[in-house]
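Keep the structure open beside the text and look up each residue as it comes.

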Amino acid sequence: MAGLDIAKLNKSYGSAEILKDIDLSIADGEFVVLVGPSGCGKSTLLRMIAGLETISSGALTIGGRRVNDLPPAKRGIAMVFQSYALYPHMDVYGNMAFGLKFAGTPKAEIEARVAEAARILQLKPLLKRRPRDLSGGQRQRVAIGRAIVRHPEVFLFDEPLSNLDAALRVATRIEIAKLHKLLKATIVYVTHDQVEAMTLADKIVVMNKGRIEQVGKPLDLYYKPANLFVAGFIGSPAMNILPGTVAGIDAGGVMIDIGRGAGAGASLRLAAAPGVAVGDAVSVGIRPEHLKLGSAPQTESAIRLDGTLDLIERLGETGYAYVRLASGATAVAEIKGDIGVEAGAQVVLTASASDAHLFDAQGRALRA
C-alpha cells in the first residue's frame, strides 16, 4: 500500500472552475471519505486520482511518485464504481480474473489471487455463478474482489453502496470496514451518505463548491465544526442554528442576544470568543441531542426556546421532535420514548450554554 499527496490541485472546464486549490495528504493505510453535496467536486477529485480526469494544475503523488500524466493502469490504483459493472456472460471467477488475464498474469498466480479474494469476501461458494444469480450485495462484493486481486496501492470507492437497499447497505458497510482492517489498505471513498462517512472513515474531507471546508476525524468534525457549512452538513438531523447579536463582552465571556430565535430579551453567556465586538451578528448552534423538552427558565447559562410542536419523528426508543419557534424557524430536539405530548401542543426546549457553538457573520466557528 502507499500514501497519497495532493498539492494545489485544480480542475477547470474552460472558464468553469470545478476544483480549486485542493491540498490533501492521505497516510499509508488510512481510510479517507470525501463527502459533500451534489456538485461539490468529490467524484471529480476521485476520478482525477484514478486518472479518468485530467489535472488542470497542481501535483498528485502516490507512494511518493508523481502520477499526473500516468494512465490509470500505471498508477497502482483499483476502483470500485457505483454500478457493479460486471460482465454478465462471465461467472464470478471470470469477472474477478479478467483484469489479471488481460495483463498477462500467470494462470497459477491468477488462481491464487482469486482464491484469496474469494476467501476474504466469502465468495468461494459463488465462484461458478453468473451476476444474474447474485444479490446486489454479492455483486458488490464481486466488484470489490475484482479490485483486491490487482493488489493495488490505493483503493478508490465511488458511492459503492448507493444502489443497495437499506439492510444491504448496512451489511456491506460492515464488510468494507472489516476489509480495511484486514488488508490495512489505503482507501479513498466518496459518498453523499454521512452515516457511511462517520462509521467508516479514519478521516473525513468535507467539500463544498469545489473546495475543502474541513478535514478531520469524524468526531472532531461533529463536535468542532470549522464553520456553519460543516456544522449543518455533518450530523443528522442537522445542527439547530439561531441568529444572534453580541450584546456585551467582559471577563466572563460574551453575552449573546438570541431574542429573535427564543423570545424577547433572551440572552446567553458563552465562553470568550476572539475577534467579535458588541453589535456583531453571530449564529448560535445547538445539536438536537443537546436540546431537551422541559420548562427551565431562560438564564445566562441555559437556552430556552418556546414554540409549537409540529411533528414527532419516531424511530423506536429514540426520536425527534420538530418545534416551530416564534420566529418561524424550526428547531429539532432528540427525544427518548413516549414524551406524552401531541402535535399542536405548546412546548419548551432547553439546552446548556456549554453545549452551544458560536459562529461569526461569515460562518466561521468562534472558539476561545
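What percentage of the 368 residues in the protein is buried? Buried residues make up 49% of them. Please keep in mind that this is a predicted model. The protein has 9 helices and 20 strands, and its C-alpha atoms fill a box of roughly 75 × 50 × 35 Å along the principal axes. Among contacts between residues at least 6 apart in sequence, 65% join residues at least 24 apart.

**Helix H1**

- Helix H1 spans residues 42–50 and is mostly covered, with 7 of its 9 residues buried.
- The buried residues of H1 are Lys 42, Thr 44, Leu 45, Leu 46, Met 48, Ile 49 and Ala 50.
- Just after H1 comes Gly 51, with a positive phi of about 90°.

**Helices H2 and H3**

- Two packed helices are described by the angle between their axes and the distance between the axes.
- Helix H2 packs on helix H3 (residues 107–120) at an angle of about 135°, and their axes are 10 Å apart.
- That angle makes H2 oblique to H3.
- The crossing of H2 past H3 is right-handed.
- On the H2 side, the contact uses Tyr 93, Met 96, Ala 97, Leu 100 and Lys 101.
- On the H3 side, the contact uses Ile 110, Glu 111, Arg 113, Val 114, Ala 117 and Ala 118.
- The residues in the contact of H2 with H3 divide into 8 nonpolar, no polar and 3 charged.

**Helices H2 and H4**

- H2 (residues 92–102) also packs on helix H4 (residues 136–148), here at an angle of about 30° with the axes 8 Å apart.
- H2 and H4 are therefore roughly parallel to each other, since angles under 35 degrees count that way.
- H2 passes H4 in a right-handed crossing.
- Val 92, Asn 95 and Met 96 of H2 meet Val 142, Gly 145 and Arg 146 of H4.
- The residues in the contact of H2 with H4 comprise 3 nonpolar, 2 polar and 1 charged.

**Helices H4 and H5**

- H4 packs on helix H5 (residues 166–183) at an angle of about 20°, with axes 10 Å apart.
- H4 and H5 are therefore roughly parallel to each other.
- H4 passes H5 in a right-handed crossing.
- From H4, the residues in contact are Gly 136, Gly 137, Gln 140, Ile 144 and Ile 148.
- From H5, their counterparts are Leu 168, Thr 172, Ile 176, Leu 179 and Leu 183.
- The residues in the contact of H4 with H5 divide into 6 nonpolar, 4 polar and no charged.

**Strand E11 and its partners**

- Strands of a sheet pair through backbone hydrogen bonds, either parallel or antiparallel.
- Strand E11 (residues 240–250) is joined to strand E14 (residues 281–286) by 6 bridges, and the two run antiparallel.
- Asn 240 stands opposite Ile 286 in E14.
- E11 is also joined to strand E12 (residues 253–257) by 5 bridges, again antiparallel.
- Val 246 has Ile 256 in E12 as its bridge partner.
- A hairpin of 2 residues links E11 to E12.

**The five-stranded sheet**

- An open sheet is formed by 5 strands in the order E15-E19-E16-E17-E18, with antiparallel pairing.
- Its edge strands are E15 (292–293) and E18 (330–336), each pairing on one side only.
- Inside this sheet, E16 (residues 302–314) and E17 (residues 318–325) share 7 bridges in the antiparallel sense.
- Ile 312 has Ala 321 in E17 as its bridge partner.

**Backbone details in the loops**

- The peptide bond from Ser 236 to Pro 237 is cis, with omega near 0°.
- Pro 237 sits in the loop between helix H8 (228–233) and E11.
- Gln 122 has a positive phi of about 55° although it is not a glycine, and it lies in the loop between H3 and H4.
- Gln 122 counts as exposed because its relative accessibility is 55%, and the cut-off for exposed is over 50%.
- Lys 209, another residue other than glycine, has a positive phi near 55°.
- Lys 209 is in the loop between strand E9 (203–208) and strand E10 (211–216), and at 64% relative accessibility Lys 209 counts as exposed.

Technical notes. Residues numbered from 1 in each chain as written. Predicted model: local features only at pLDDT ≥ 70, side-chain atom pairs only at ≥ 80, totals over all residues. Heavy atoms only, no water. Buried < 20%, exposed > 50% of the residue type's maximum accessible area, 1.4 Å probe, protein only. Helix = DSSP H or I, 4+ residues; strand = E, 2+ residues; numbered from the N terminus. Axes fitted to C-alpha atoms, helices over the stretch in contact; angles between N-to-C directions. Parallel < 35°, antiparallel > 145°, perpendicular 65-115°, else oblique. Left-handed = near helix turned anticlockwise from the far one by under 90°. Contact = heavy atoms within 4.5 Å. Nonpolar A, V, L, I, M, F, W, Y, C, P; charged D, E, K, R; others polar. Pairing = 2+ DSSP bridges.
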